[in-house]
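The sequence and structure come next.

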Amino acid sequence: MKSLFALLFSALFIASFAQGPAPRIEAKIDQVINQYGLTGEGVLAVIIDRGIDYRHPDFIDENGNSRIRYIFDMIDQSGANDPDNNYGVGTIHSQEELNASLQAGTVLTNDIHGHGTATAGILGGNGEQSLNQIYQGVAPNVEYVIITLVHDYFPQFMNNPGQAGFFDPTYIPIALNFAFDKIEELQMPSVTLMNIGSTGGPTDGSSLICQNIDDFVNFGHPFVCGVGDDGGGNNHASYTLSNNETIELEINKGFAGNLRFDLWYSEEDRFTLSLELPNGDFYGPFAAPSGPNGANDQFFAEANIFHRGANVEFFGASSNRREILIDLLQNPGSAGVYKVILEGTSINDGFFHATLNPGSGFTNNEFLNYTQEGYSIADYSSCLNTISPTDYVILNEWTDLGGNFNDITGQGEAGEIWLGSSAGPTQDERLGVDFASPGEVCFAAYSVDSWYYFSGFNLVNDGNGFYGLQNAVSAAAPLTCGVIALMLEANPNLSPAQILDILQSTAIEDSFTGSTPNTIWGHGKLDALAAIEAALALVSVEDLLAKPAVHVFPNPAYEELRFELNQQMNIQHLEIVNLQGQIIKSHIPLNSNKVLNISELNKGAYLLRVRTEKSQFSQSFVKM
């Protein structure tokens, strides 16, 4: 922990930081660096994305060593059976292996798309290859754990064979387990970013993945997921259906690719379903499943139709709702107007939400009737404990590597919300959006052999071919994480709830946001300087001058945990909680040696809650 004096003193010795890209100035990040000298030192950034080009100089320190502690490539199965891999999938690369690879000039894993590398660069790239480090990330001294969860499709280009798309949502809980284990192993304050997601799912915080994310946060690990890039279009429809009433939901499918329709309604209701194709072909009617464990699935050349009860819908949600999921297929499915025909056959409530994916304002996919604005945030952003930033415009122009001026038009003007930003509320009517970060546009690390790099006009001037454009919520989210890393450097004891409260309460309201909070802007625009000052204000005298009041060790532990009390005080209450939030032991007495026997616990991760007469705290630990 740096004292307030040390932070102020160190700032005097930092060279004047170059006035970098507009988003960093807009969010007052440069002011934070100039006034407090924060760089993310001692903080761990966990990124769940498309991987990383670890060979990029932005992620290598001054001694030639990688700043990445681990890369978990979940898609490369060559190391799934390695003895150091307890996760059943993927390949794990340690920092030692990455350093050896850097020395040998080999490639162990890569992000040949470019999104994951740019994400890491915005959060914490060192900017060393740019003029005056102008494209430095927010927290350039963080260390990383990188988890490759997603591959995006792109075609063959130059000597690159292209890449098939890959996404398996069942990998997300495994990724969270890996992140949890490495945070515990490294014992560093951390922020985790999952930079994926789009509309679809229950979007009410009840999905199984949301339950896993909330458990992760409850163990003291802040988690960020941007609200999504599905705003600006008619991609949400809702209506209250009556008994014996029939409606036709009209969907314009604007291109020949896949389009997913996802509808949620009460388990107590029954809807009969039919589908009409653009050429007039008609499928149905198909009766609703009889109960929560029932399913009525139909498969055709043009579409796959799934109608599922509340216990067998695809997201493992706990909200007792049924799901109708229709995939309008690429081949031989065609563009045109499709009709989803719903009849209320047994109605207690009758209300439904329906979404389209992809269905942003930059596609021609849209509902033609029963539309309602909002409700377009990603399911992962609807989790109860997720920190969910949206994106706004600060500067939509740049000069590329060839000296050509570029300008993105039609996506909002400076100060306005980016038109593609998803909007709340959640389907259970919570705000959904926490605040807005300036991600339109950012500049970040580019891999020289990536799909991003291939689009040459994205390469930015003064970047020497190492940096390029990143925008949308995918830029706003890592910028937010970089600010959280600075907050944790200033005050490593911040809880996820404190971080979220600070970011919301210090957000700025202006003429663009209107009165806040609201479902478009959340609580307003990110103010990094105010957030850092609020974090520092929570640093107690004890934090500044002494070690924590209670220290628990070892971790991981085998038979017992030992407690070291920093001053004369009594532990009034002690309990152990498992990953599911269940209290395993409560009102636990410590013996005279302040040792807690845990030999009877099963192997796994637990949360220890301690309350003294002066304070209370929680610490996660692993029983081996």
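A salt bridge is counted when a side-chain nitrogen of Lys or Arg lies within 4 Å of a carboxyl oxygen of Asp or Glu. The model is a predicted one, in which local features need pLDDT of at least 70 and side-chain atom pairs count only at pLDDT 80 or more, while totals for chains, interfaces and linings use all residues. Residues are numbered from 1 along each chain as its sequence is written, and side-chain values use heavy atoms, with hydrogens and water left out.

The rule gives 18 salt bridges. One of them joins Asp-449 to Arg-55, with 3.4 Å between the closest N and O atoms. This pair links distant parts of the chain, 394 residues apart: Asp-449 lies in the loop between strand S22 (442-445) and helix H8 (451-454), and Arg-55 in the loop between strand S1 (44-49) and strand S2 (68-73). Helices (H or I, at least four residues) and strands (E, at least two) are DSSP runs, numbered from the N terminus.

Accessibility is classed as buried (under 20% relative accessible area), exposed (over 50%) or partly exposed (in between), with a 1.4 Å probe and protein chains only. Asp-449 is partly exposed at 31%, and Arg-55 is partly exposed at 29%.

A second bridge pairs Arg-308 with Asp-297, the closest N and O atoms being 2.8 Å apart. Arg-308 belongs to strand S13 (residues 303-308) and Asp-297 to strand S12 (residues 295-299). Arg-308 counts as buried because its relative accessibility is 16%, whereas Asp-297, at 24%, is partly exposed.

Arg-50 and Asp-49 also form a salt bridge, with 3.1 Å between the closest N and O atoms. Both Arg-50 and Asp-49 are buried. Asp-152 joins Asp-49 and Arg-50 in a network of salt bridges.
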